[in-house]
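Here is a short briefing to read alongside the sequence and the model. Have both open, and follow the residues as they come up.

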Amino acid sequence: MIKAILIFNNHGKPRLSKFYEHYNEDTEQQIIRETFHLVSKRDENVCNFLEGGMLIGGSDYKLIYRHYATLYFVFCVDSSESELGILDLIQVFVETLDKCFENVCELDLIFHVDKVHNILAEMVMGGMVLETNMNEIITQVDAQNKMEKSEVMCFVTFINQCPCLDICSMQGHCFAFHTASASR
Amino acid sequence: MPAVSKGDGMRGLAVFISDIRNCKSKEAEIKRINKELANIRSKFKGDKALDGYSKKKYVCKLLFIFLLGHDIDFGHMEAVNLLSSNKYTEKQIGYLFISVLVNSNSELIRLINNAIKNDLSSRNPTFMCLALHCIANVGSREMAEAFASEIPRILVAGDTMDSVKQSAALCLLRLYKTSPDLVLMGEWTSRVVHLLNDQHMGVVTAAISLITCLSQKNPDEFKTCVSLAVSRLSRIVSSASTDLQDYTYYFVPAPWLSCKLLRLLQCYPPPEDGAVKGRLVECLETILNKAQEPPKSKKVQHSNAKNAILFEAISLIIHYDSEPNLLVRACNQLGQFLQHRETNLRYLALESMCTLASSEFSHEAVKTHIETVINALKTERDVSVRQRAADLLYAMCDRSNAKQIVAEMLSYLETADYSIREEMVLKVAILAEKYAVDYSWYVDTILNLIRIAGDYVSEEVWYRVIQIVINRDDVQGYAAKTVFEALQAPACHENMVKVGGYILGEFGNLIAGDPRSSPLVQFNLLHSKFHLCSVPTRALLLSAYIKFINLFPETKATIQEVLRCDSQIRNSDVELQQRAVEYLKLSSIASTDVLATVLEEMPPFPERESSILAKLKKKKGPGAVSVTELEDSKREGGELNGGGDRGPDTASTPSPSADLLGIRSAAPVGAAPASAGSLLVDVFSEAGTTTTLPSSSLFWLLFVCKNNGVLFENQLLQIGIKSEYRQNLGRMYLFYGNKTSVQFASFTTTPQLNVQTKPVEPLVEGGAQIQQVLNIECLTDFSDAPLLNIKFRYGGALQNLTLKLPVTINKFFQPTEMTSSDFFQRWKQLSQPQQEAQKIFKANHSMDTEVLKAKLLGLGTALLDNVDPNPENYVCAGVIQTKGQQVGCLLRLEPNAQAQMYRLTLRCSKDSVSRRLCELLAEQF
């Protein structure tokens, strides 16, 4: 079972946290910090698995992570999951995000947390994997977007008139994802 | 077209997020957030009804604030309102909020359940999926109660859309995990198993998680899944990389599903049906063959996916442990991975080999990789990998390679990461002991261990070396010589001083012949360390000194001088001072004969399983070994520590507390060397002992006059009681609290009386409490309290506990108010000699009026004022209700404060009741 899915950036700022087991808010934040601490001190090119921190359950749990440019994607799983399988799952998740957001970058995750949650929900449900087929996931997300579009038509024109906010002016690196160039 | 266009979204939200991101300091951020929270709060509270869009925007803001680590204590109601919206966007954000910020507020859960119910019956697949997701994410008991019967129906219904089926399967799984009692598969079992054959791979992917979990819990009912899984696996494995289209991931057909199928098969023994088994073996061979084929892509994803399947296949082969051919192939494959350039594969190969090492077919094959593994331990850059290498060395160790492996581990210890040193020390100590043929090697190893990593050598380790030296004559002289040499190092670890002090105190005479280690030299060497040591070590050294006086009478004067000096005899530490005083006195008063008897060499320790194994197990995670065991080993160490000042008799009989150790019986050491984890689990589970814990009658007595409180408490368990009685009926709530951090398994309680009970949960998690209700009916009067038998497994040891339940006859009292004249009239009526019971006894507790009154009221009777002519006396009246009859009781208690005595008189319409009540009450005052 997947116990938690965490995304944070190189500075430990959480960009997504999804716990499939109940913790109170404080513990959740501590887990994020502890996980960041464990993962960020590791070199590139070491293996992608490590034993979980104390808060999340110690050596009975594994942290399986990938580091893409500015973001860490960390899955905390128990022993019933295949490590390489989860690694693939992270890849599917990121590729899906990349397709949905078109060259996804950290800012997309910041400004569209709800969308990211929705995409994730199409893959993982209650800590178990629901779907691994990227096309299927994207089909579902597309369908939802269509529904959404039809409902928010009235706002679209309004939003488009806004000077695309200050996204462009903000610093924030694209973690433009390409399978070939991605760190392992 | 990107699925999410970047333009649409909510402007207010984007502005807010940008503001936060532009905050220069944490304070500024908090300020901005508080401003926003106030804004949202006022909007939610405001008179103006918010439209769906605004609600959605604010809920999104709250989500963002929550992600930053701030508590959100409002907005739940608004989120619930969004659930009932007809608009997808609003409904969806409502569900998102609920899923992320679940609230156990039951009021709210009811509303949420309502919304879910509507969505589930909406027949709109998107809404149904949202609702199912919400159930799966929250997964509370209330939800299980509401939907556990509905979801299986959705799952197997013919007209359910595939995507809904997928969600329903995982939703059901979640409910099964939280409330297995509510999810009754029964009639659905076969249809759920057949989901493995579903056309849609996504449905199979979701269903297999459900089936795996159900199979683990009820293997027999789900047995049919084995053949279905094998045929599904076989179809996937033999398909071309293009057959499965979308489910082909980087040229590997359905890797995730294959892994899950292989995992499912690991819940069962090898298939009995020859055809199924043949097909499965074929699959496994194909998977192993594919590993040797050239990769279809250079991308790391391709090899990951392929190897994910390969590792699961190897796990299954190891799990079956019955196909020598496959096992050897698996081992060779892992051997290749040990030197793979991918760190991940090296890591996984080391991990899998650990389990492979425990198989008799492949143990030898694993051993051939020893050089590679040692090399990994030395050269891997990644500590996770090095740790796996150390684990594997431990697992593959046997008599033939122990010396090499121990030497390598010792040399690795010098540079090992701090995080794994303690575990490494324990492993070295265990291996050294387990495979020691030559005990001088063992002593060398442990002393080296203390020298290299003294800080990480726990007490258990050095206790153990002393136990072994004491028990083996052939190594004592060598040990004495070696510690003597080790102590000559200018800086040596305190643990070394402890071992040195103990061993020289016992066996210093064996090396005293050599003038270089004459008694005085030995003493001076030890004493030179004395001032640098902590109090416990000094205490041990003092004991060593007194032993020296016995061993070497020529040192007596010197040592007495040391003991006599102020820093010893007036030491501020009580223990040290006491030892100094007693030893000094002992040495000056006792004759040599007496001294020789008192300070005789320690008798051999009873052979029992090494306490360091327990320690390692404890480190490896919660489970078999408990805190008490460690405490016990410490106590055992206390005996060691005491050394000289305890008589041989105390030391030779293991203290009763040590018997609590579930590990004393000879464990199958040296049986199949297994991985650290599994071996140790075996050791402890086989060595279970039954321990009858003493029940405490003191606690029980307290309950005569009260109904609530703690009935029993020891290091493991606390039992609390709440009870209420009415007429001849009673209800008792028993609370069993697990005081440890470890689960109690097979927890059962058997009351030995005719009471109605509901069975208790068989598992009590660490720190958790479970409750049991007893319904009691009093049929006739009685004097013996019912017994309650409690059994549970704590670690390996079966705990067995028998307690008297605090059910006494007085619990069924109905108070009866009466006037003075009524009372005396009845009193006279009950004048037969048998009807009266009287006792004169000494006060054991305070004779304070209020205390006495409280006790008498607690007894259940009515306390009657102005009845007895003497206001000092107490009179009470009540009727005991049993099923068959009512027994009237009158009570008179006459305290005599001066003499601290009472006279208690009881008159009841039934003579046995008088006697029993009199006995009970005499112990209460």
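## Briefing on the two chains

The side chains of Gln266(B) and Glu312(B) are joined by a polar contact of 3.3 Å. Please keep in mind that this is a predicted model.

**Around Gln266(B)**

- Gln266(B) sits in the loop of chain B that runs between helix 14 (255–265) and helix 15 (274–292).
- Setting aside residues up to four places away in sequence, Gln266(B) touches Glu312(B), Ser315(B), Leu316(B) and His319(B).

**Chain B as a whole**

- Chain B contains 42 helices and 17 strands.
- Chain B has 925 residues, and 56% of them count as buried.
- Among contacts in chain B with a separation of 6 or more, 67% are between residues 24 or more positions apart.

**Around Lys498(B)**

- Lys498(B) belongs to helix 27 (residues 494–507) of chain B.
- Is Lys498(B) buried or exposed? Lys498(B) counts as buried because its relative accessibility is 13%, and the cut-off for buried is under 20%.
- Beyond its neighbours within four places in sequence, Lys498(B) is in contact with Trp462(B), Thr537(B) and Leu540(B).
- From C-alpha to C-alpha, Lys498(B) and Trp462(B) are 8.3 Å apart in space, while 36 residues separate them in sequence.

**Salt bridges within chain B**

- Over all chains, the structure holds 41 salt bridges.
- Arg141(B) forms one of these with Asp181(B), and their closest N and O atoms are 2.8 Å apart.
- Arg141(B) lies in helix 8 (residues 141–147) and Asp181(B) in the loop between helix 10 (162–178) and helix 11 (189–193) of chain B, so this pair ties together parts that are 40 residues apart in sequence.
- Both partners are partly exposed: Arg141(B) has a relative accessible area of 37%, and Asp181(B) has one of 46%.
- Arg464(B) and Glu433(B) also meet through their side chains in a salt bridge (2.6 Å, N to O).
- That pair links distant parts of the chain, 31 residues apart, with Arg464(B) in helix 25 (residues 459–471) and Glu433(B) in helix 23 (residues 418–434) of chain B.
- Arg464(B) and Glu433(B) are both buried.

- Together, chain A and chain B bury about 7,400 Å², and 54% of that is on carbon and sulfur atoms.
- Leu84(A), Met125(A) and Glu151(A) supply 9% of the area that chain A buries against chain B, more than any other three residues.
- The contact involves 86 residues from chain A and 84 residues from chain B.
- Between the two chains there are six salt bridges and 21 residue pairs in polar contact.
- Helix 5 (residues 134–161) of chain A gives the most to the side of chain A that touches chain B, with 15 residues.
- By class, that side of chain A has 32 nonpolar, 25 polar and 29 charged residues.

**Salt bridges between the chains**

- Glu351(B) and Lys62(A) meet through their side chains in a salt bridge (2.5 Å, N to O).
- Glu351(B) lies in helix 18 (residues 343–356) of chain B and Lys62(A) in strand 4 (residues 62–68) of chain A, so the pair joins two chains.
- Glu351(B) counts as partly exposed at 22% relative accessibility, whereas Lys62(A) is buried at 14%.
- Asp382(B) forms a salt bridge with Arg42(A) (2.8 Å, N to O).
- A network of salt bridges links Glu51(A), Arg388(B), Asp391(B), Glu423(B) and Lys427(B).

How values were computed
Residues numbered from 1 in each chain as written. Chains lettered and ligands numbered in written order. Predicted model: local features only at pLDDT ≥ 70, side-chain atom pairs only at ≥ 80, totals over all residues. Heavy atoms only, no water. Helix = DSSP H or I, 4+ residues; strand = E, 2+ residues; numbered from the N terminus. Buried < 20%, exposed > 50% of the residue type's maximum accessible area, 1.4 Å probe, protein only. Contact = heavy atoms within 4.5 Å. Buried area = accessible area lost by both parts, 1.4 Å probe. Salt bridge = Lys/Arg side-chain N within 4 Å of Asp/Glu carboxyl O. Polar contact = N/O pair within 3.5 Å; in protein donor to acceptor, adjacent residues only side chain to side chain. Nonpolar A, V, L, I, M, F, W, Y, C, P; charged D, E, K, R; others polar.
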